[in-house]
Amino acid sequence: MEPLLKALGLRLDALLGTDRVITDPVRLRTYECDGLTNHRSTPGIVVLPDTAEEIAAIVRVCARAGVPYVARGSGTGLSGGALPRADGVLIVTSRMRRILEIDIPGQRAVVEPGVINLDVTRAVRPYGYYFAPDPSSQQICSVGGNVAENSGGAHCLKYGFTAHHVLACEVVTPDGELVELAADGPGYDLLGVFVGAEGTLGIATKITVRLTRVPETVQTLLAAFGSIEAGGTAVSAIIGAGMVPAAIEMMDALSIEAAEAAVRCEYPPGAGAVLIVELDGPDAEVAAQFAEVERLCRDAGAFEIRIAADDAERALIWKGRKSAFAAVGRISPAYIVQDGVIPRTALPRVLARIDALSAESGVRVANVFHAGDGNLHPLVLFDDAEPGAAERAEVVSGAILDLCIEHGGSITGEHGVGVDKSRYMPRMFSDTDLDTMQMVRCGFDPAGLCNPGKVFPTPRLCGEVPGVRKGPHPFEGKADVF
Amino acid sequence: MRPLEALAKVCVDVRAGEPEEGVLGVQPALVAAPASVAEAAEVMRAAAEQGLSVVPRGAETRLDWGTPPRRCDLLVDTHRLDGLVEHASGDLVATAEAGLSLEALAERLAEKGQRLSLDVPLPGSTVGGTIATGAAGPLRTLFGTPRNLVIGLTVVRADGKVARSGGKVVKNVAGYDLGRLFSGSYGTLGLIVEATFRLHPVPAAAAWVTRRVGGPEEAHEAVQAVLHSPAAPSALEYIHPGTVAALLEGVPDGVAARAGRLVDLLGGDARITEDAPDGWGLYPDGTTLIDASAPPPSLRELIGLVDGLQHDVAMTWSGVGHGQIGLPSGMTSEEVGGALGALRDVLGRHKGGAVVRYAPQEVRSEIDMWGPVPSLALMRRVKDQFDPDHRLSPGRFVGGI
């Protein structure tokens with residue numbers, strides 16, 4: 001270990017005790033990547049703080065030494081936002097898992113950053129409440145990570161993102177100070193920019209989340225269509241009818257095939273696309289709208305419609321969708337997951353262009369997407385044993401993002417920019433735009449030590465080889481991913 | 001070159017400021033009204049070269065909010081920036097220029113059966129001014145405030161450069177969200193010139209369920225009952241004294257059924273009306289307006305406090321924990337100061353706070369308009385980055401920012 005880190009390690013030992021400071025190279029490798037496994041970097045030192053004060057002290061030690069640091073929750077992020085620095089410290093919040101306060105009359109809870117997303121819901125469910133952001137990794141992802149990434153999920157079409165469900169955060173600033181950021185306080189809405197800043201503005205140490213009343217009724221249907229176009233027509237018709245479903249999800253034939261192989265979800269055979277539509281809310285409201293959704297699906301050409309009679313059947317409908325991404329490993333040795341967004345109305349045009357791209361390049365693309373809000377998750381498949389295949393896949397993947405930008409969309413809807421997409425940021429934003437965003441960064445972190453190299457493009461990130469190694473995803477069996 | 005000449009070279013609508021155009025008594029030396037984003041950028045660039053302090057102005061509905069500017073060399077009036085740039089109805093988004101009024105925007109959106117789910121408590125208020133003050137009304141219960149509905153923002157920086165963040169799609173986490181940062185920033189970070197909003201369909205049906213409540217305890221219980229019910233109101237308001245009202249929106253059958261159940265739940269004289277109750281969506285009367293926020297259970301103590309003041313105090317309170325209190329002209333500066341202090345004590349116990357939006361001049365000098373501001377140092381540093389010379393609405397915001 002280089003002398004600077006060695007000296008830092010001693011100071012951190014004094015602060016936390018040696019059992020919570022990891023410097024053993026074998027143990028350090030556990031933390032070399034997050035959910036995006038093709039970017040790897042073994043951290044210089046890993047620390048496991050128990051309290052906000054400890055995180056503040058760690059950050060002060062790093063700041064004094066000029067050493068970069070990265071915060072990590074459960075490490076489920078999909079853009080390399082928690083990719084460690086070999087020359088820095090990785091601050092892991094997994095020991096900070098206390099739910100500090102549940103205030104049902106105030107419809108809020110206060111949690112530590114390492115608390116698992118679903119555990120918040122489990123804790124408040126007996127009172128008829130839940131925590132609305134539901135990324136597919138919610139069984140293992142942390143609320144602190146949700147805050148950093150402004151996580152969404154299938155139901156954010158109706159309920160919004162983490163930013164809409166966080167009322168306040170206690171934050172360790174890059175100066176090592178503990179400050180309180182609140183959505184409704186006087187002064188600038190620093191919380192608003194902190195949420196979704198991908199850990200580049202500081203580390204959340206205490207999070208006040210808004211709790212949402214569990215809807216009275218949930219109704220879910222699965223509709224099978226002959227083609228993606230027909231499914232897309234149904235989506236437009238539903239939105240056009242003035243409805244805001246809790247979720248509208250779509251899968252194409254290739255992703256259905258993968259899901260079938262992985263979890264035997266038994267979607268209707270011969271479907272070119274399946275659509276999952278979920279409505280929730282008061283009984284009377286849902287009943288009226290659900291009949292309408294069913295009719296619109298039939299009008300658009302659905303050849304089979306299944307309606308979940310209970311939670312078990314609902315879970316079955318969702319099973320294929322939620323497992324779809326990890327399942328693609330069954331039909332391809334490696335793949336790139338994209339997270340582009342397009343205006344919903346551009347869906348047919350963009351999907352046709354993706355088809356054409358795939359045909360021209362010979363690179364297969366499976367499509368799974370949050371159709372209601374135009375968030376595409378194309379899976380670009382390749383064989384990493386084949387020379388040049390990864391590069392060809394990366395070209396197709398980049399071209400898909402260009403399509404999204406061309407149609408007025410975004411390069412990321414929920415996975416974040418991280419290290420993975422920072423090089424695409426200049427395609428979406430001008431130099432001035434990026435410079436302006438970085439003014440906030442400079443206000444918070446002038447030394448640039450807090451999760452450096454993420455979000456904004458830097459030369460260091462150019463030319464990295466994409467791809468996921470064959471074999472089980474690190475979270476397979478532990479949770480649904482994506 | 002003199003400032004007027006420099007500005008006249010880049011903008012056709014430039015003139016000297018009039019005494020009645022003062023921003024809280026500070027008369028602008030010059031007024032410029034750019035008609036496009038490009039022209040606004042040129043104006044801001046010229047202002048930067050001339051070292052002019054700049055205060056934006058929309059429809060003047062909230063120009064008396066906040067603290068007075070230390071200087072106002074140039075008032076940038078946005079009334080000519082009043083275009084609806086795009087309404088992508090199939091995507092439920094619209095982009096509007098800063099000077100467009102919310103009513104004009106609503107009219108255009110309604111043609112396609114859509115709306116921006118923000119109330120308009122003050123007629124004429126503009127897109128830019130609403131964002132800059134973070135203003136919202138009862139619909140905040142379900143839809144939040146401008147920070148929740150702005151999905152893309154275009155601003156002109158202090159140096160005249162045009163910067164965009166966000167975009168035209170609702171789901172988007174690329175880059176920092178400057179839309180939220182600029183919401184409620186009172187013109188101190190840059191000139192808002194264009195905003196893209198997430199829209200919602202205009203509901204097919206709407207109804208209010210209103211119930212009289214006798215005092216703090218009953219009001220609190222009624223609000224809590226609705227909050228924890230599955231009624232999913234778009235808005236839930238307590239209107240002082242003695243009214244709790246919920247707005248239900250949706251399909252006709254759904255609204256009728258939900259309203260019926262809410263009447264049963266609330267009991268008393270609860271009734272369904274097609275029209276909003278008196279005072280709905282308006283700022284309470286008074287010469288001093290206080291914006292208060294704290295979690296919902298604070299309502300009980302809040303009403304107790306208001307009842308205890310020896311004056312006719314008006315209040316509206318959103319059930320999710322945010323309200324406005326209007327203090328009458330009859331209160332002396334000392335009385336306002338005392339009420340404000342007591343209010344901050346109560347709200348502070350609930351981890352909330354109170355900000356004075358406007359007040360008579362003699363009251364302003366006696367009170368702290370903003371109250372305690374956590375992380376003010378960090379705010380100053382962000383301000384210094386965006387506006388190193390402190391020329392943008394200097395003094396209009398917290399801590400003299």
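Start by selecting residues 39-214 of chain A: an unreviewed UniProt entry annotates this span as "domain: FAD-binding PCMH-type". In this predicted model, the end C-alpha atoms of the span lie 38 Å apart. Colour it by secondary structure and you will find 22% helix and 25% strand.

Now widen the selection to chain A and colour by pLDDT. The mean is 92, with 95% of the residues at 70 or more. Then pick out residues 459-482 of chain A, where pLDDT stays under 50. The model has 56 contacts beyond four places in sequence for this stretch. Where pLDDT is low, predicted coordinates should not be read in detail.

Next, show both chains together. Here 70 residues of chain A are in contact with 65 residues of chain B. On the chain A side, the elements that each supply at least two residues include β9 (178-182), α8 (228-240) and α10 (283-299). Which element gives the largest share of that side? Select α15(A), which contributes nine residues; this helix covers 431-444. By residue type, the side of chain A that touches chain B divides into 28 nonpolar, 29 polar and 13 charged.

Finally, hide chain A and look for a sheet in chain B. Four strands form an open, mixed sheet in the order β1-β2-β4-β3. β1 (14-16) and β3 (54-57) of chain B each have a single partner strand, so one side of each has no neighbour in the sheet. Neighbouring strands are turned by 25 degrees against each other on average, direction ignored. Zoom in on β1(B) and β2 (residues 30-32) of chain B: they run antiparallel, joined by three bridges.

Methods: Residues numbered from 1 in each chain as written. Chains lettered and ligands numbered in written order. Predicted model: local features only at pLDDT ≥ 70, side-chain atom pairs only at ≥ 80, totals over all residues. pLDDT = per-residue confidence, 0-100. Contact = placed C-beta atoms within 7 Å. Pairing = 2+ DSSP bridges. Axes fitted to C-alpha atoms, helices over the stretch in contact; angles between N-to-C directions. UniProt positions renumbered as here; feature names shortened; annotations may be inferred. Nonpolar A, V, L, I, M, F, W, Y, C, P; charged D, E, K, R; others polar.
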